[in-house]
Amino acid sequence: NASIEAVGYGVRGDGDATRGNLVLENVDIDAFIPVVIRKVKTPGYTVNIDDESTLVAPGYHVVFTEGQDDAAFVAPAVAFTVNGADNLKVFPRDNFNFVYTAADLQAAVAAGGDYLLMPTTFAGTFAVNTPINLEGVEGTTIEGRVNISSNGTGSSFENINFTISDASKATKSFPGSQYKYPGIVVIYAAAASFEGCEFKTDINAGVCGINYGAHAAGKMLRVNNCKFNGDFYAIRTRTLAEITNNQFNVYTPQGPLCAVWTWGNGTAGTNNDSGANHVVFTNNTNVNEHPIYGVQATSTTFNYANIAFSVENNNGFSADFDTNTACNYT
């Protein structure tokens, strides 16, 4: 009849079965890991969970590990039992992966798959060349750059803080690219989604939170429930994007920035839209005291062709409409 809320573990037990077992009756646990049984080296340890108990966690609900609980989990070499956990994630029964260090994250993005990131800071440059789903818990930060190639199409990122430093701002860190505007996350002709993430930096020399550096047909960028804080362009993208329910706090003394800077979609000098046909910017908010543009469409060497802009229900953005060249708007 207990209710437990914890940043770390709800119940942390010793896996020596000779000392007894663990019974949960009418217990509600909301924790990073509700139940962890460590040092499981004697056979027969049992966890019983009755139907009245509820375990809530971002990843595993129950963990049995041979070693310590503050290191990578190791499947026990002896038998153990968990009853009442049919609908719960249990290690080592379920294939769910934790990431502890920057080296682990390098290995994860190379292999692809589903991963839960520990609440720590992962420093480095991480090249995503195969689809990956990364979910962070409160306090998870990637400090450096995430480069998503076309082979990383379908990758998703949830509840992760992204930041960048001078050391990780090099414009040529992505293979084959020479971007004028480096980004914290650089996407090359890929589809990617971000949910509940934060992008932050104090560097203002043309840095972007997200930079979609090359376009490919049908490759959608989705950004939802994210925050952008700092002196930078929040999102620089081609014209297949859905930007919804985000908060923007971006501005530099050099002048107002924009939440989304889109710069054409087709092949240079043609009317080819390459499968990109819309930009959605809805339900977003500017919280900076200075007004910024919501969407800025800038035609450079890439044309706009057959593009629908849906810009609705946004708050705090500049309503100015300014053109420096002769254009036809429909």
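An open sheet of nine strands runs in the order β9-β10-β12-β14-β17-β20-β23-β26-β29, with parallel pairing. The edges are held by β9 (97-99) and β29 (308-312), each with a single partner strand, so one side of each has no neighbour in the sheet. From one strand to the next, the twist averages 10°. The model is predicted: local features need pLDDT of at least 70, side-chain atom pairs count only at pLDDT 80 or more, and totals for chains, interfaces and linings use all residues. Residues are numbered from 1 along each chain as its sequence is written, and side-chain values use heavy atoms, with hydrogens and water left out.

**Terms for strands and sheets**

- Strands (E, at least two residues) and helices (H or I, at least four) are DSSP runs, numbered from the N terminus.
- Two strands pair if DSSP finds at least two bridges between them.
- Angles rest on axes fitted as lines to C-alpha atoms, for helices over the stretch in contact, and run from 0 to 180 degrees between N-to-C directions.

- Strand β9 is joined to β10 (residues 113-117) by three bridges, and the two run parallel.
- Within this pair, Val99 stands opposite Leu117 in β10.
- The backbone oxygen of Leu117 also lies 3.3 Å from a polar atom of the Thr140 side chain; a polar contact is a pair of N or O atoms within 3.5 Å, where within protein one must be able to donate a hydrogen and the other to accept it, and residues adjacent in sequence count only if both atoms are side-chain atoms.
- For the backbone oxygen of Met118, the distance to a polar atom of the Thr140 side chain is 2.9 Å.
- Thr140 sits in the loop between β12 (132-136) and β13 (141-148).
- Thr140 counts as buried, at 0% relative accessibility; buried means under 20% relative accessible area, exposed over 50%, and partly exposed in between (1.4 Å probe, protein chains only).
- Gly59, in the loop between β5 (54-56) and β6 (62-64), is buried with a relative accessible area of 2%.
- Gly59 and Tyr115 are 56 residues apart in sequence, and 8.9 Å apart in space from C-alpha to C-alpha.

**Strand β3 and its partners**

- Nine of the 11 residues of β3 are buried, so this strand is largely enclosed by the rest of the structure.
- β1 and β3 run parallel and are joined by nine bridges, and Ser3 has Asp28 in β3 as its bridge partner.
- β3 also pairs with β5 in the parallel sense over three bridges, where the partner of Asp28 is Thr54 in β5.
- A parallel pairing of three bridges joins β3 to β6, with Val35 opposite Val62 in β6.

**Three-stranded sheet**

- A further open sheet has three strands in the order β2-β4-β7, with parallel pairing.
- Its edge strands are β2 (22-24) and β7 (80-83), each of which pairs on one side only.
- The twist in this sheet averages 5° from one strand to the next.
- Four bridges connect β4 (residues 45-49) and β7, which run parallel; one of the paired residues is Val47, whose bridge partner in β7 is Val82.

**Second largest pocket**

- The volume of the second largest pocket is about 260 Å³; grid points are joined across faces, edges and corners, and a volume is the space filled by probe spheres set on the points.
- A pocket is an open set of points on a 1 Å grid over the protein atoms alone, where a 1.4 Å probe fits, with protein on both sides within 12 Å along at least five of seven lines; lining residues have an atom within 4 Å of a point.
- Its lining consists of Ala6, Val7, Gly8, Asp30, Ala31, Phe32, Val56, Ala57, Pro58, Pro119, Val137 and Glu138.
- β1 (3-14) and β3 (28-38) are the elements that give two or more residues to this lining.
- By class, the lining has nine nonpolar, one polar and two charged residues; Ala, Val, Leu, Ile, Met, Phe, Trp, Tyr, Cys and Pro count as nonpolar, Asp, Glu, Lys and Arg as charged, and the others, Gly among them, as polar.

**Backbone geometry**

- Most residues other than glycine have a negative phi, and most peptide bonds are trans.
- The peptide bond joining Phe91 and Pro92 is cis, with omega about 10°, and Pro92 is in the loop between β8 (90-91) and β9.
- Lys39 has a positive phi, near 55°; Lys39 lies in the loop between β3 and β4 and is partly exposed, with a relative accessible area of 33%.
- Asn245 has a positive phi near 60°; Asn245 is in the loop between β23 (240-244) and β24 (247-250) and counts as partly exposed at 36% relative accessibility.
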